[in-house]
Amino acid sequence: MPGAHGGTDLGRPTVMLAAYPDYASAQRAVDFLSDNKFPVQGTAIVGTDLTLVETVLGRMTTGRAALAGAATGAWFGLFIGLLFGIFATTAWLAVIVTAVVIGAVWGAIFGAIAHAMTGGRRDFTSASSLRAGRYTVVVDADQAEQGRQVLARMNWQAENQPANQGNQQQQPAKVR
């Protein structure tokens with residue numbers, strides 16, 4: 001349920017303290033607040049304007065599906081083999097190796113069959129990630145003024161650092 005200024009419902013009134021274009025800047029601001037003894041237990045970083053990004057990693061073939069299934073099956077076989085191996089009185093290593101091999105074979109078979117059953121509708125592998133377009137730092141309403149004062153010091157320090165510090169300079173926050 002949305003809270004004040006688009007934040008999350010933290011169960012108490014919150015106020016947006018600052019907005020940043022990336023998570024690292026928002027994290028730097030919260031770290032600065034913490035370093036300056038601000039009570040950060042009432043602070044949250046809220047990502048808004050979310051976008052789902054699916055990055056295509058490669059083509060999925062029946063062979064790759066079988067290989068992925070074999071790897072998964074081998075891990076499952078190792079788990080089962082270790083369970084059985086605990087109770088084996090002799091040849092416990094043979095029990096574990098046999099379970100890994102059987103798991104890999106069945107995993108490869110199921111992986112290949114599962115891929116073949118898709119009928120070519122999804123012949124690629126991908127990884128999905130959620131990205132926010134903006135990150136806001138929200139604080140408890142009763143701590144907002146103190147937080148603004150601390151972040152104002154952060155902005156002042158960032159603006160007055162010598163030019164030779166280059167990449168160590170913190171980006172100024174948009175304090176509201």
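Me: How much of the protein counts as buried?
Reply: Of its 176 residues, 30% count as buried. Keep in mind that this is a predicted model.

Me: OK, and the surface, how big is the accessible area?
Reply: The accessible surface of the protein comes to about 11300 Å². Carbon and sulfur atoms hold 62% of that area.

Me: Switching to the fold: how many helices and strands are there?
Reply: The protein has four helices and four strands.

Me: In what order do the elements run?
Reply: Starting at the N terminus, the elements go β-α-β-α-α-β-α-β.

Me: What share of the contacts comes from residues 24 or more positions apart?
Reply: Those residues account for 80%, counting contacts in the protein with a separation of 6 or more.

Me: Now the rings. How many aromatic pairs are there?
Reply: The count comes to two aromatic pairs. One of them is Y23 with Y135.

Me: Why is the pair of Y23 and Y135 edge-to-face?
Reply: The ring planes sit at 70°, and planes over 60 degrees apart count as edge-to-face.

Me: Where do Y23 and Y135 lie in the chain?
Reply: Y23 is in helix α1 (residues 23-35), while Y135 is in strand β3 (residues 124-140). They are 112 residues apart, and the pair links distant parts of the chain.

Me: And Y135, buried or exposed?
Reply: Y135 is buried, because its relative accessible area is 16% and the cut-off for buried is under 20%.

Me: What about Y23?
Reply: Y23 counts as partly exposed, at 41% relative accessibility.

Note on methods: Residues numbered from 1 in each chain as written. Predicted model: local features only at pLDDT ≥ 70, side-chain atom pairs only at ≥ 80, totals over all residues. Heavy atoms only, no water. Phe/Tyr/Trp six-rings, centres within 6.5 Å; stacked < 30°, edge-to-face > 60°. Helix = DSSP H or I, 4+ residues; strand = E, 2+ residues; numbered from the N terminus. Buried < 20%, exposed > 50% of the residue type's maximum accessible area, 1.4 Å probe, protein only. Contact = heavy atoms within 4.5 Å. Areas by Shrake-Rupley, 256 points an atom, 1.4 Å probe, with all protein chains shown as cover.
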